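Please find below my notes on the model you sent. They are set out as numbered points, for reading beside the structure.

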Amino acid sequence: MLLSEQCYKKIDRELAKYPADQRQSAVMASLAHAQVELGWISPEVMAELADYIRMPAIAVQEVATFYNMYNLKPVGKHKISVCTNLPCALSGGVRAANHLKEKLGIDFRGTTDDGAFTLVEGECMGACGDAPVMLVNDQRMCSFMSNEKIDTLVEELKK
């Protein structure tokens, strides 16, 4: 088993929300639980989840590869997603991304040599009025990110 018993208990709670013939409805939540535990979703984890949920492995892979919220390769301890969709881009998103690239010494989809940071381009985060926005580890939304706020965030995450 690639996932812990505790992770499978969480997946079981997701599965219980749906009729027995609709188990596949829990695939997104199951992928999310696996990612929280492992940090990313490997092809082996997708196959294991497919067997557990009782759905074709290709169907799990289709979901995992369609949505950008799933990490399909290992990422750094802190994954920072920067929104560069048009409203954010016009309101400082590109500047914020460039500042982070320079500060971390990596480009989008890159991970720092020490494994501390991965930088990705994010899709719309629904906070256009708060641009530029970033999402840290798919959990923490950071808004109105000036260069100074970015520097403070990076220093905080390094601790």
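This is a predicted model: local features need pLDDT of at least 70, side-chain atom pairs count only at pLDDT 80 or more; totals for chains, interfaces and linings use all residues.

1. Asn-71. This residue sits in the loop between α4 (57-66) and β1 (78-83). Its relative accessibility is 9%, so Asn-71 counts as buried, the limit being under 20%. The side chain of Asn-71 makes a polar contact with the side chain of Lys-79, at 2.7 Å. With neighbours within four places in sequence left aside, Asn-71 is in contact with Gln-35, Gly-39, Trp-40, Ile-41, Lys-79 and Asp-138.

2. The annotated cysteines. An unreviewed UniProt entry lists Cys-83, Cys-88, Cys-124 and Cys-128 under "binding site". These residues span 46 residues in sequence, yet no two of their C-alpha atoms are more than 9.1 Å apart, so they gather at one spot. Among them, Cys-124 belongs to the lining of the largest pocket.

3. Cys-83. Strand β1 holds Cys-83. With a relative accessible area of 2%, Cys-83 is buried. Apart from neighbours within four places in sequence, the contacts of Cys-83 are Cys-88, Gly-93, Gly-122, Glu-123, Cys-124, Met-125 and Val-133.

4. Cys-124. Is Cys-124 buried, partly exposed or exposed? At 46% relative accessibility, Cys-124 counts as partly exposed, because this class lies between the 20% and 50% limits. Its place is in the loop between β3 (117-122) and β4 (134-136). Not counting residues up to four places away in sequence, Cys-124 touches Cys-83 and Asn-85.

5. A cis peptide. Ala-131 and Pro-132 are joined by a cis peptide bond, with omega about -5°. Pro-132 is placed in the loop between β3 and β4, and Cys-124 is also in the loop between these strands.

6. Arg-54. The phi of Arg-54 is near 70°, a positive value in a residue other than glycine. Arg-54 lies in the loop between α3 (43-53) and α4. With a relative accessible area of 65%, Arg-54 is exposed.

7. Asp-138. Here too phi is positive, at about 60°, although Asp-138 is not a glycine. Asp-138 is located in the loop between β4 and β5 (140-142). Its relative accessible area is 28%, and Asp-138 is partly exposed. As given in point 2, Asp-138 is one of the contacts of Asn-71.

Note on methods: Residues are numbered from 1 along each chain as its sequence is written. Side-chain values use heavy atoms; hydrogens and water are left out. Helices (H or I, at least four residues) and strands (E, at least two) are DSSP runs, numbered from the N terminus. Buried means under 20% relative accessible area, exposed over 50%, partly exposed in between (1.4 Å probe, protein chains only). A polar contact is a pair of N or O atoms within 3.5 Å; within protein, one must be able to donate a hydrogen and the other to accept it, and residues adjacent in sequence count only if both atoms are side-chain atoms. Contact means heavy atoms within 4.5 Å. UniProt positions are given in the numbering used here, feature names are shortened, and annotations may be inferred rather than shown by experiment. On a 1 Å grid over the protein atoms alone, a cavity is a set of points where a 1.4 Å probe fits but cannot get out, and a pocket is an open set with protein on both sides within 12 Å along at least five of seven lines; lining residues have an atom within 4 Å of a point.
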